Amino acid sequence: MKLDRRGFLAAGAAAALLRPGVAQAVSPLNLGADAADRGIVFGSAFDREIFDDTAYAALLRAQCRIGSLENSLKFDWLKPTGNVADFSASDRLVDFAVESGIRPRGTALIWNDWLPDWLKWTTVLERRSIMEKHIDEVVGRYAGRVQSWDVVNEPFFPPHGIDGGYRKGLWLDAMGPDYIIHAFKRAAAADPKAQLVLNEAFCEQDDELGKSIRPLLLNEVKRLQDAGVKLDAIGFEAHLRPELPYDDQAFVAYVAEIAALGVDVMITELDVNDSHMPDDEAERDAQVAARVHDFLGAVLQVPRVTTVITWHLSDRYSWYRGADWYADQVRAGGGTPGRPVRSHLYDDQLQPKAAAFAARDALKASGPH
Ligand code: XIL
């Protein structure tokens, strides 16, 4: 077997881990290379677990060409107790990515959710300068290394009942919907070369929520462009929920409409919520794989879909694992709460599941991007 440099490094790192009882990171797949063959960038979210889990780090290195820091660049993780950032973890994570040939991505620079308590006690006037300082120091610190940012995350949530369907929160309170424009302009100034992304949830769903957000987001792209904002891409999270209505071709038509406005499109957080699937693992794996295959096969029809990122590569670090709301969903779906999550491409032992092969097949079947 002939290995290129990346493969050699990955194999070496994995070989170092071959101890009895320790899961091996050797995979028969190379999703990063298969995607690259089609002009697509493939990767995954990751975070501090890689400091200790060398097998998982090796798997990420072997499969990913891009990687989103799952949490460590979020406002509440950088500044949990006050307006002074602790970059110690994010610095290490960005270094790991760069050294591994994984392009690091930052998320979520400005998000109305998950803000620390101390921010609530600031005045509306103070908050605008807090946002500006945050963007300057975080984007500026990683300029040239973090090449892509979700500048604003999840701008819309119509159930909040706010004019324009915007997600409520402290940034919106302080600046109105123009917080989005200010954030993008500030980020572009802090790193003119970074890819600036507006990231949104739910649009893949053909239910009331998904269908209500789609036109709002489309109009937001136009609003930002009219305001002279540098907007490089729209990110669709794709935490797929197959128990809800979906229509991949309708979504593809929408993605094509977004792309026609002159922005790239990224799938930023792909996973398949398996909460409403049966307890039987083989059955669940088959259903998750089918959904991955069909969804990717559909969206990759749009040439401007440049990037596919999974929200963790392995069930070992699933964000569903241990979440109360996910246990409630499993219960509602008639399953046994506490059963292992099977939502991701690799299993808990870091072995590829049917979903990983399904992703490979969809990538290989894609036209050039
Ligand atoms: C999630 C992380 O995975 C969790 O660990 C954290 O507790 C909350 O955030 N949409 C997003 C991501 O844009 O940033 C979220 O990540 C998942 C939903």
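Ile 309 is buried, with a relative accessible area of 0%, where buried stands for under 20% relative accessible area, exposed for over 50% and partly exposed for what lies in between (1.4 Å probe, protein chains only). The model is a predicted one, in which local features need pLDDT of at least 70 and side-chain atom pairs count only at pLDDT 80 or more, whereas totals for chains, interfaces and linings use all residues. Residues are numbered from 1 along each chain as its sequence is written, and side-chain values use heavy atoms, with hydrogens and water left out.

**Surroundings of Ile 309**

- Ile 309 lies in strand E10; helices (H or I, at least four residues) and strands (E, at least two) are DSSP runs, numbered from the N terminus.
- Leaving aside residues up to four places away in sequence, Ile 309 touches Gly 43, Ser 44, Ala 45, Ile 66, Ser 68, Arg 105, Ile 267, Thr 268, Glu 269 and Leu 270, a contact being heavy atoms within 4.5 Å.
- Val 292 is 17 residues apart from Ile 309 along the chain, and their C-alpha atoms are separated by 12 Å.

- Helix H11 (residues 248–259) has 12 residues and reaches 16 Å from its first C-alpha to its last, close to the 16 Å expected at 1.5 Å a residue, the expected span being 1.5 Å times one less than the number of residues.
- The buried residues of H11 are Asp 248, Phe 251, Val 252, Tyr 254, Val 255, Ile 258 and Ala 259. They cover an arc of only 160° around the axis, which puts them on the same side of H11; the arc is that of the directions from the helix axis to the C-beta atoms.
- The partners against which the buried residues of H11 pack are helix H10 (208–226), strand E7 (233–236), strand E9 (264–272), helix H12 (281–299) and strand E10 (305–310).
- In helix H3 (residues 54–63), seven of the 10 residues are buried, so the helix is largely enclosed by the rest of the structure; the buried residues are Ala 55, Tyr 56, Ala 57, Ala 58, Leu 59, Leu 60 and Gln 63.

**Cysteines**

- The structure holds zero disulfides, a disulfide being a pair of cysteine sulfur atoms within 2.5 Å.
- Cys 64 is buried at a relative accessible area of 1%, and Cys 203 counts as buried at 0% relative accessibility.

- The largest pocket has a volume of about 890 Å³. Of the 32 residues that line this pocket, the closest to its centre are Trp 111, Trp 114, His 239, Trp 319 and Trp 325.
- On a 1 Å grid over the protein atoms alone, a pocket is an open set of points with protein on both sides within 12 Å along at least five of seven lines, and lining residues have an atom within 4 Å of a point. Grid points are joined across faces, edges and corners, and a volume is the space filled by probe spheres set on the points.

**Backbone features in loops**

- The peptide bond from Thr 107 to Ala 108 is cis, with omega near -10°, and Ala 108 lies in the loop between strand E3 (103–106) and strand E4 (110–111).
- Trp 114, in the loop between E4 and helix H6 (117–120), has a positive phi near 55° although it is a residue other than glycine, and Trp 114 is exposed, with a relative accessible area of 60%.
- Leu 350, which is not a glycine, has a positive phi of about 65°; Leu 350 is found in the loop between H13 and helix H14 (354–365) and is buried, with a relative accessible area of 0%.

Key
1 Å grid on protein atoms, 1.4 Å probe; cavity = no way out; pocket = protein on both sides within 12 Å on 5 of 7 lines; lining within 4 Å.
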